Structures are given as structure tokens and as C-alpha cells.
Amino acid sequence: MFDDFFTRALIAGIGLAITVGPLGCFVIWRRMAYFGDTMAHSALLGVALSLLFELNLMLSVFIVAAAVSLLLLLLQRRGALSTDALLGILSHSALSIGLVMVAFMTWVRIDLVGFLFGDILAVSEADIDLVWGGGILVLFAIVYLWRPLLASTVNPELAEAEGLQPERAKLYFMLLMALVIAIAMKIVGILLITSLLIIPAATARRFATSPEIMAVLASLIGALAVTGGLFGSLHWDTPSGPSIVVAALGLFVLSLLPFGRRSRVAVEQSSQGGHR
Amino acid sequence: MLKFRSSDQPPLVSLVNAGVRRNGRWLVRGVEFSVSRGEIVTLIGPNGSGKSTTAKAAIGVLKPDEGSVARTAGLKVGYVPQKLSIDWTLPLTVERLMTLTGPLKGREIEEALAATGISHLARAEVQHLSGGEFQRALLARALARRPDLLVLDEPVQGVDFSGEIALYDLIKSIRNSTGCGILLISHDLHVVMAETDTVICLNGHVCCRGTPQMVSQSPEYVKLFGSRAAQSLAIYSHHHDHTHLPDGRVQHEDGSVTEHCHPGDGHHHSDRHHSGQHHGAHDHVDDEDHGHSHGADCDCGHHARLQGFDAKSSDGKEKSRV
């Protein structure tokens with residue numbers, strides 16, 4: 001029943017979902033959803049640069065996303081504007097510069113919709129290698145950075161006072177995000193990367209009892225959403241990228257339903273014990 | 001009182017003429033103090049006086065823009081920050097909070113939770129804790145690391161009076177059992193922890209420093225606080241030689257007004273005595289208005305919980321106006 005392209009899409013999509021799960025958790029713990037969005041939007045500038053200089057697409061998207069996050073760090077340090085205003089400026093200007101540059105390059109015709117929504121059904125075996133190779137790299141890095149990242153999510157000054165390096169961890173985290181966006185763009189597209197980051201992680205919160213469990217659950221829920229979305233798109237002949245997001249949303253809505261409140265009751269009981 | 005200090009040991013951390021500047025404004029300047037093993041130093045001062053900034057400079061979170069901060073090599077710090085809000089989306093139990101910045105053995109976690117009296121909350125999510133329970137959890141976390149230096153930024157905030165006494169007793173027993181140095185920041189300008197060795201009053205610079213007077217030595221205070229509290233609390237009498245005017249300028253005892261206040265500018269006691277220390281025995285209680293008066297923006301002395309407590313006449317009689 002599987003076509004070759006469908007199997008490839010499934011393998012690549014699941015690999016990507018597993019990779020972004022832990023990153024997505026940090027994005028929501030640190031309230032950085034808009035940051036992910038900004039990096040994803042700036043990817044279009046990366047596309048334009050890659051066409052202009054005939055660079056590898058993934059490399060140039062990575063460079064632009066990394067440059068945007070470094071720029072953000074620098075502007076934040078100046079402290080003149082709030083982070084969300086800075087993100088708004090960076091996000092839309094990078095996107096618009098990209099579009100303007102593409103318009104000047106009259107000799108190229110690009111499929112903008114393809115970049116915005118990706119084409120998971122067109123992934124090649126080389127793409128799969130890249131997704132899984134890059135994914136394993138990202139996951140190893142996350143495991144390595146876990147403690148400083150988590151501690152600085154709770155309180156950066158606490159982390160620094162007790163000998164961790166929150167600034168360095170944050171920088172590496174941003175570079176990992178840039179890498180994931182560069183890899184993911186072709187598969188789920190610019191607009192859908194953030195949803196794959198955030199929705200499975202938000203779904204996992206309901207069932208998680210520790211940060212580590214939440215990261216693993218986010219990966220699994222993401223993989224489930226990719227599988228469900230792809231089968232759905234095959235069955236109802238709907239566009240694959242948005243179908244994955246709809247499937248993720250479905251899982252999130254399920255997580256809101258009031259079944260199996262066991263864990264929450266247990267927590268309430270133990271904290272009531274504290275109030276005597 | 002147990003003595004862990006020995007003169008041959010260098011202090012855990014020492015600040016020499018340290019100042020921190022942000023956006024062209026000095027948050028705090030000319031700060032000098034040190035914390036040794038087994039010593040408790042309490043920083044007090046009105047809001048925005050640079051207490052937290054000073055503590056952050058001491059532990060290396062902020063770099064001093066002038067002066068220097070020296071820490072012993074490999075100093076292990078346990079830090080309880082003033083504000084800590086954990087996003088609801090982060091599932092974190094008290095037990096997991098313990099190992100936030102470094103691995104610990106299960107036994108160490110149990111001991112720290114037992115010492116702070118929250119063993120029963122080990123599996124509760126931190127977002128479900130009450131203010132006092134959360135402060136205890138943060139203290140347990142800092143304590144479990146077996147730090148050389150414990151830095152507590154307003155550890156009794158959001159804790160009621162009896163909880164405050166219990167926390168001070170706990171901090172005392174931590175010092176006595178581990179011998180660590182403690183840098184404590186207090187929101188209260190007049191009542192400090194009784195075990196404090198040195199009180200430093202900040203308001204952008206060191207306004208005065210000294211040792212607190214045990215509440216238990218005064219029957220009047222014991223009556224007010226209750227005997228248990230009197231063992232844990234102490235009264236600190238300010239001896240200021242200058243006044244902070246509402247516009248931020250400083251008026252000195254000799255009547256001169258300067259833009260800033262800086263040690264060594266010739267306006268201070270310490271310039272003449274070369275010692276900012278007021279010893280507890282030193283009977284030099286001259287505070288009809290505790291030596292300095294403040295503008296409406298300053299809560300030093302006039303709006304404090306224990307208003308009037310520093311109004312102690314020189315013959316030792318208290319005129320308690322509370």
C-alpha cells in the first residue's frame with residue numbers, strides 16, 4: 001500500500017518530529033514561540049541568497065537564521081527595544097528583503113508556496129540522510145546542553161551563579177534552532193516549522209511529570225502527528241504539510257479533554273499534605 | 001556561638017571599592033565587605049538601593065565596572081534569587097528542582113528536604129507550592145549542593161512572621177552545621193537575623209555598617225516579639241552621617257551637598273576613623289531620626305514594619321511607639 005515517495009515522506013517526517021520535540025519544549029518553556037517564527041521567516045531571505053550566490057540552499061538558510069539570532073542577541077544586549085518588538089522588526093524585514101531580492105532576480109522563477117508550506121512528498125533519500133544525520137547531531141547536542149539550558153530556563157542568574165554558562169548554552173540553542181529550521185524548511189516549509197515545534201510540546205505538557213519526560217513525549221506526539229497527517233492527506237487527498245499540523249492540533253485538542261486526571265489529582269493531594 | 005572563622009583563611013569573597021554601572025547610572029558604588037567561612041553578612045537598604053546588584057556582583061553574575069571582587073578558587077555558591085517564577089509549562093517537581101544545576105545523590109536530596117522540613121513535598125510540582133514552601137524548596141536546593149557560600153536574596157519574602165523566625169533558625173542551623181559563609185539580603189531595615197555578624201546598610205553605596213543588637217537582651221522587645229522570636233531576631237541601629245535628598249543628591253553631616261556619595265570624599269566617619277565598623281558595645285546611639293532622614297520615596301525607617309524601633313535613647317530606655 002505504501003508508495004515509495006510516501007514511505008520516504010514518513011521516514012523523513014518522523015525523524016524531523018523526533019528532532020524538534022525537545023527543542024519545542026524549550027521554545028515554550030522559555031516563551032520563545034515568536035523567536036522560532038522569526039527564524040523561520042528569515043529562511044526566505046536564505047532562499048533568495050542561495051539563488052543569488054548559487055549557494056547550497058540548506059547552508060544559506062542556516063547562515064541567515066543563525067545571523068538573525070545573533071543579531072537579536074546583540075540588539076537585546078543594547079536593551080533599547082523589547083524583545084518582541086525586535087523580533088517583529090527582524091522577522092518581517094528578513095522576509096520582505098528576501099521577497100524583494102527574488103523579485104529583482106527576473107531570471108529565476110521560484111515556487112514560493114513550496115517554500116512556505118514545504119513538500120514532504122518530494123523528499124529524496126539524500127534528504128532522509130540529512131534529516132536523520134542532522135537530527136541525531138541535534139539530539140546529542142541537546143542532551144549535552146540539557147542541564148545548563150534547563151537551569152537557565154528556570155533562572156539564568158541562578159545558573160550562572162552556580163557555575164553553568166547560560167549565555168553559551170543560549171547561543172548553542174539558537175544555532176541548533178537555525179540548523180533544524182534549515183533542515184526542516186524543505187519538508188514542512190517555513191510557515192509550518194513553528195507549529196511542529198510548539199503544538200506537540202504543548203500537547204506533551206498535559207501528560208508530563210518531568211522536563212525530560214515532556215521532551216520525549218513531545219517527540220513521540222510529533223511523530224504520531226506526522227504519521228496521522230500523512231495518512232490523512234493520502235486518504236482525503238489534502239496537502240501534506242497542513243494535514244500534519246491539523247493532526248497535531250487534533251492531538252492537542254484531545255489532550256485538553258478531561259480524561260485520566262489521575263496525575264493532577266495526585267499532585268493536588270501531595271500539595272494538600274503540605275498545607276496540613 | 002560557634003566560630004568557624006580563622007584569621008589565616010582568606011575570605012570566601014571580598015569586594016573592594018566595587019561599583020556596578022548600568023545605562024550611565026551607578027547602581028551601587030564603593031562597596032567594601034567580605035564574607036568568610038562561617039560568617040553571616042546581612043545587606044539591608046531601601047528598594048533600589050543596590051542590594052541584589054551587590055550580591056550578584058559578589059557571586060560573579062554581574063561584573064563590577066570599578067573596583068574588584070575576589071572569590072576563592074573553586075568557590076561553590078548556592079544561590080536563592082529574589083525573583084523566581086517558573087513557567088507553568090515546565091513540569092518540575094521539588095525533587096527534580098534539587099538537581100537543577102548539578103547532580104546529587106538521593107541521600108543528599110533527602111537530607112536537604114528534611115532539613116528544610118519539606119520532605120513530604122518531594123513529589124509536588126513547584127507551581128503548586130505556597131510562598132513559604134517554595135522559599136524552603138529553593139533553600140533546600142541551594143543547601144543540597146553543600147555550598148561554601150550561600151547567597152540568599154530576601155529568603156523570607158512572602159513568609160509570615162512565624163515562618164520568618166523558622167527560616168532564620170534554619171539558616172542559623174545551616175551555618176552551624178556546615179560552616180558555610182552566608183550573604184543574606186533582608187527587606188527589613190531594622191530587624192535582622194540575630195546571628196548576623198555584620199550588617200551593611202546600602203543606598204547606592206555603603207551608608208553604614210555594624211553589628212545588630214540581640215532582641216533577647218532587651219525585655220521590652222522580648223515582650224513585643226515573644227521569647228522564641230527574640231532568640232532569632234536582632235535590632236539594627238543605623239548610624240548615618242549623611243542624608244539622601246529626594247532629588248538623589250546627598251547632604252552630609254557638615255551641611256555640604258554633593259551629587260553622589262562616595263567613600264573617601266572627605267565627608268564620612270570612615271574617612272576620619274578609617275573604620276566603618278560600629279561595634280555592638282560602642283554606645284553611640286544618637287538616633288532621634290536615626291542619623292539621617294529620607295525623602296518620601298525612601299522607606300528607610302519611616303514606613304518600616306517596626307516603625308520607631310530605632311528610637312532608642314542614649315540612656316538605654318526604649319521609647320516604643322508601636
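Me: Is the crossing of H1(A) and H6(A) left-handed or right-handed?

Reply: The crossing of H1(A) and H6(A) is left-handed; a crossing counts as left-handed if the near helix is turned anticlockwise from the far one by less than a right angle, and as right-handed if clockwise. Before we go on, please keep in mind that this is a predicted model, in which local features need pLDDT of at least 70 and side-chain atom pairs count only at pLDDT 80 or more, while totals for chains, interfaces and linings use all residues. Residues are numbered from 1 along each chain as its sequence is written, and chains are lettered from A and ligands numbered from 1 in the order in which they are written.

Me: At what angle do H1(A) and H6(A) pack, and how far apart are their axes?

Reply: The angle is about 15 degrees and the axes of H1(A) and H6(A) are 9 Å apart, where axes are lines fitted to C-alpha atoms, for helices over the stretch in contact, and angles run from 0 to 180 degrees between N-to-C directions. H1(A) and H6(A) are therefore roughly parallel to each other, since angles under 35 degrees count as roughly parallel, over 145 as roughly antiparallel, 65 to 115 as roughly perpendicular and the rest as oblique.

Me: And what kinds of residues make up the contact of H1(A) with H6(A)?

Reply: The contact of H1(A) with H6(A) divides into 15 nonpolar, four polar and three charged residues. Here Ala, Val, Leu, Ile, Met, Phe, Trp, Tyr, Cys and Pro count as nonpolar, Asp, Glu, Lys and Arg as charged, and the others, Gly among them, as polar. The residues from H1(A) include A:Arg8, A:Leu16 and A:Trp29, and those from H6(A) include A:Glu125, A:Trp132 and A:Leu149; two residues are in contact if their C-beta atoms, placed from the backbone, lie within 7 Å.

Me: What about H2(A) and H3(A), at what angle do they cross?

Reply: The axes of H2 (residues 33-53) and H3 (residues 57-78) of chain A come within 7 Å and cross at roughly 135 degrees. That makes H2(A) oblique to H3(A), and their crossing is right-handed. Among the residues that make this contact are A:Met39 and A:Leu49 of H2(A), together with A:Val61 and A:Val68 of H3(A). By class, the contact of H2(A) with H3(A) has eleven nonpolar, six polar and no charged residues.

Me: Where is A:Glu54, and is A:Glu54 buried or exposed?

Reply: A:Glu54 is in the loop between H2 and H3 of chain A. With 8 C-beta neighbours inside 10 Å, A:Glu54 counts as exposed; a residue is buried if 20 or more other C-beta atoms lie within 10 Å of its own, exposed if 12 or fewer, and partly exposed in between, with C-beta atoms placed from the backbone. Phi of A:Glu54 is near 50 degrees, a positive value in a residue other than glycine. Most residues other than glycine have a negative phi.

Me: Changing topic: how many helices and strands does chain A have?

Reply: Chain A has twelve helices and zero strands, where helices (H or I, at least four residues) and strands (E, at least two) are DSSP runs, numbered from the N terminus. The radius of gyration of chain A is 20 Å, close to the 19 Å that the globule rule gives for 276 residues, so chain A is as compact as a globular protein of that length. That radius is taken over C-alpha atoms, and the globule rule is 2.2 Å times the number of residues to the power 0.38. Buried residues make up 47% of the 276 residues in chain A.

Me: Which residues is A:Leu217 in contact with, leaving aside its neighbours within four places in sequence?

Reply: A:Leu217 is in contact with A:Ala204, A:Phe207 and A:Ala208, once those neighbours are left aside. A:Leu217 is found in helix H10 of chain A and is buried, with 21 other C-beta atoms within 10 Å.

Me: How many residues does each chain give to the contact between A and B?

Reply: The contact takes 27 residues from chain A and 28 residues from chain B. Helices H1, H6, H7, H10 and H12 of chain A each supply at least two residues of the side that touches chain B.

Me: What is the secondary structure of chain B?

Reply: Chain B comes to eight helices and 16 strands, and buried residues make up 47% of its 322 residues.
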